[in-house]
Amino acid sequence: MKFSENWLRELVDVSADRAALVHALTMSGLEVEEVTPLGESLAGVVVAQIVAAEKHPEADRLQVCRVDAGQGEPVQIVCGAPNARVGIKIPLATVGTTLPGGISIGAAKLRGVESAGMLCSAKELGIDADASGLLELPLDAPVGQPLADYLGLPDASIELKITPNRPDCLGLFGLAHDVAALFGSRVKGEEIAEAPVTATATRGVRLEAGADAPRYLGRVIEGLDATAPTPFWMAERLRRSGLRPISAVVDVTNYVMMELGQPLHAFDNDTLSGDIVVRHATAGEPLVLLDGNEAKLDASFVVIADVARPLAVAGVMGGNDSRVTDATRNVFLEAAHFAPSAIMGRARKLGLHTDASHRFERGVDPNLPRRAIERATTLLLQIAGGNAGPITTAERAEDLRAHQPVVLRRTRLARVLGIVVDDAEVSRIFAALGMAVTATADGWQVVPPSSRFDIEREEDLIEEVARIHGYERIPTHLPAGEIALAADPEGRLHEMALRDQLAARGYFEAVTLSFVSADLLRSWGMDQAWVPLANPLSADLAVMRTSLLPGLIEALRHNRARQQDRIRLFEVARSFHATGEAPDEVGRVAMVACGSALPEQWAEPTRTFDFYDLKGDVDALIAHTGEAGRWTVDAEGLPSWLHPGRAARVLRDGQPVGFLGALHPALAKALDLAADVHVAELALEPVLARRLPQASRVARFPAVRRDIAVELPEEISWASVEATVRQALGEVLKDVRLFDRYAGKGIDEGRKSLAMGLILQDASRTLTDDDADNCVANAVAALEKTCKAKLRG
């Protein structure tokens with residue numbers, strides 16, 4: 001919301017200077033984002049008129065102008081502006097003037113011709129960004145008058161960051177109520193007189209959109225001059241509010257929108273057929289909008305139509321075919337109230353964001369349409385002439401929201417704020433904000449104005465008192481009493497410990513968006529049970545992620561595109577799955593890695609990160625739980641996005657909890673990635689569950705190691721071998737270590753050799769050679785029976 005400071009001060013008396021006004025607005029919750037001073041340091045700039053102009057003898061693009069500045073004899077000025085011509089009135093910076101930006105004006109010779117001053121553009125004066133030519137003033141501008149006085153300068157363009165709960169402040173009068181409350185003043189000029197009705201032309205209105213469009217007002221104005229120029233004062237106010245003047249009719253509707261907060265639209269009445277119908281669009285219904293683009297609508301859109309075709313997307317933008325042009329002589333002026341839910345997100349569906357949709361999405365006062373149409377009619381009649389017909393009103397009273405009284409208790413107000421605010425001050429605040437307030441024995445009964453959608457309960461009234469009375473006047477107190485710290489359960493690791501472990505292994509934590517593109521999930525084959533957003537920010541953020549990996553891989557691609565070759569990223573967050581009425585949120589830890597296995601150095605040869613490096617990182621996480629024996633891996637049920645020969649499923653107690661491995665080559669190619677990208681994703685809770693630490697005696701007796709090598713089928717995994725050996729030897733086996741794998745000469749095709757070390761130890765005695773030999777024999781027998789293995793000599 002951008003507005004002119006001087007315009008606001010015309011609506012409400014404010015004795016404070018600009019800095020105090022800006023500070024008060026920000027402290028009341030209406031954050032000031034930017035203040036742009038306009039027209040500072042214009043002493044010496046006057047209104048002037050070009051009375052003669054000749055081509056410069058030595059330069060094709062320059063003119064020698066004779067300029068009347070109201071000082072007797074015209075002055076000679078050399079000017080290169082393309083619009084410099086006889087008769088126009090323009091700003092003249094006289095000799096001795098210093099313009100904004102530090103430009104000093106003095107007498108000079110340009111290509112041998114004397115020049116005593118400078119004719120100025122709006123940009124050179126610091127009042128607009130337009131530098132295409134001289135700032136042309138109305139022909140009735142008094143020659144010789146200081147430009148600052150004529151333009152109402154200095155001024156400032158102030159931009160506010162309006163929160164969604166304060167749509168009433170998207171109009172100057174709504175903002176003026178807050179300013180009046182802050183500075184103990186009053187709002188001026190709220191009464192709007194009815195425009196004179198001098199014609200009988202009307203157009204019927206039918207409401208067929210139910211509660212989505214409960215009120216619609218329209219008026220026919222005949223015989224206006226659409227080519228009439230917009231008054232300079234109005235165009236300046238619009239410019240300082242960030243709006244570009246277009247034409248008298250459009251500028252009036254924009255001006256009233258800025259003033260009252262009610263969007264309006266004007267149709268060329270001669271292009272309409274029959275009644276105006278407010279209805280829902282049909283599926284695929286086309287409409288060419290004012291911007292020239294064709295919109296394909298669906299039943300979620302409300303349209304303004306006549307009996308033949310749609311004319312406008314309600315609350316968003318008008319149609320091109322019914323627009324007002326210079327040839328227009330009769331207009332149909334509309335002002336309506338739409339339910340916020342009927343407009344919310346519709347502009348984004350069309351790739352638009354308009355001033356009207358911005359207001360209607362947040363909620364516009366349902367009582368504003370009549371005031372707005374009367375104000376706009378009066379201005380149009382003054383500027384463009386014509387005759388106004390009576391207002392046609394259609395409404396569904398049962399669908400218009402009526403505010404209920406809200407009770408504020410004096411004791412509750414004092415308890416929440418921690419201070420006592422005088423009753424008179426509380427009543428003044430509510431009255432200044434446009435609320436109807438009645439004192440009661442216990443406090444106040446308040447009826448909010450129809451523009452305040454955010455006032456529903458007692459806490460809302462307390463907030464109003466706090467922000468207007470001043471947050472800085474409310475003392476700060478530390479909370480009383482002791483705060484009990486929640487103890488982390490010993491049977492569960494803290495998430496920070498998990499993060500620390502991954503960081504220690506060279507991974508960097510990433511935070512990715514919970515929203516992703518539907519097409520991205522489809523490319524991964526993760527398009528089952530996703531949660532679509534009803535009102536997405538954009539098409540690229542339309543669904544909730546079902547996995548952390550797509551977002552992490554996008555972050556990896558982003559880093560690779562910036563010359564990062566060795567990348568390690570992890571994320572601890574939630575994925576979302578449609579399982580019923582409410583989405584199911586699942587905590588997950590995900591990892592992605594690519595590039596070399598080790599940073600570049602002299603002590604180790606360079607090699608590429610592979611599946612076993614990733615499995616080692618996952619094993620390190622699992623070891624942190626103290627229950628590595630409960631975890632296994634296999635190659636069953638792998639998802640389509642993993643490489644079938646370089647991936648594994650991770651299980652805990654036989655239940656799958658995640659996957660790890662290299663990306664499938666087809667997916668890597670589709671994502672424009674190299675083949676060395678490896679990923680892992682595990683359910684978070686199993687990784688955080690840990691065995692409670694238990695003290696045990698240090699073994700008094702030495703361990704014995706026996707190495708064996710067995711030959712077995714290629715398809716038998718090491719996990720099966722290890723499980724078989726542990727089950728056969730029981731507690732006497734302290735560890736089993738795989739130290740060699742071989743396949744090739746001397747081994748039958750389809751078989752492999754695994755060499756392992758058995759670490760044997762008894763807590764009650766020293767194992768003898770016979771004990772160790774028996775353990776080896778039992779292990780080999782179990783492997784022969786279960787894994788089709790045989791001992792190698």
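1. Helices (H or I, at least four residues) and strands (E, at least two) are DSSP runs, numbered from the N terminus. Gln-49 sits in one such run, strand β3 (residues 45–55). The model is predicted: local features need pLDDT of at least 70, side-chain atom pairs count only at pLDDT 80 or more, and totals for chains, interfaces and linings use all residues. Residues are numbered from 1 along each chain as its sequence is written, and side-chain values use heavy atoms, with hydrogens and water left out.

2. Gln-49 has a relative accessible area of 21% and is therefore partly exposed; buried means under 20%, exposed over 50%, and partly exposed in between (1.4 Å probe, protein chains only). Contact means heavy atoms within 4.5 Å. Leaving aside neighbours within four places in sequence, Gln-49 is in contact with Arg-66, Val-67, Asp-68, Gly-87, Ile-88, Lys-89, Ile-90 and Val-143.

3. Helix α2 (residues 18–27) and helix α5 (residues 172–183) have axes that come within 11 Å and cross at roughly 105°. That makes α2 roughly perpendicular to α5, a label for angles of 65 to 115 degrees (under 35 is roughly parallel, over 145 roughly antiparallel, the rest oblique). Axes are lines fitted to C-alpha atoms, for helices over the stretch in contact, and angles run from 0 to 180 degrees between N-to-C directions. Ala-20, Leu-21, Ala-24 and Leu-25 of α2 meet Leu-175, Val-179, Leu-182 and Phe-183 of α5. By class, the contact of α2 with α5 has eight nonpolar residues, no polar and no charged ones. Here Ala, Val, Leu, Ile, Met, Phe, Trp, Tyr, Cys and Pro count as nonpolar, Asp, Glu, Lys and Arg as charged, and the others, Gly among them, as polar.

4. A nonpolar core is a set of buried Ala, Val, Leu, Ile, Met, Phe, Trp, Tyr and Cys residues joined through side-chain atoms within 4.5 Å. The largest has 96 residues, and those with the most contacts inside it include Leu-8, Leu-175 and Phe-338. Helix α11 (residues 368–384) gives the most to this core, with nine residues. Apart from it lies another core of 31 residues, Ile-553 and Val-677 among them. Not counting residues up to four places away in sequence, Leu-8 touches Phe-3, Leu-21, Leu-172, Leu-175, Ala-176 and Val-179.

5. Rings of Phe, Tyr and Trp (its six-membered ring) pair if their centres lie within 6.5 Å; planes under 30 degrees apart count as stacked, over 60 as edge-to-face and the rest as tilted. The count comes to seven aromatic pairs. Trp-7 and Tyr-255 are stacked, at 4.7 Å centre to centre with 15° between the planes. This pair links Trp-7 in helix α1 (residues 5–11) to Tyr-255 in helix α7 (residues 248–260), 248 residues apart. Both Trp-7 and Tyr-255 are buried. The ring centres of Trp-641 and Phe-659 are 6.4 Å apart and the planes stand at 80°, so that pair is edge-to-face.

6. Ser-357 belongs to helix α10 (residues 355–362) and is buried, with a relative accessible area of 0%. Not counting residues up to four places away in sequence, Ser-357 touches Gly-315, Val-316, Ile-343 and Ala-347. The buried residues of α10 are Ala-356, Ser-357, Arg-359, Phe-360 and Glu-361. Just after α10, Gly-363 takes a positive phi of about 115°.
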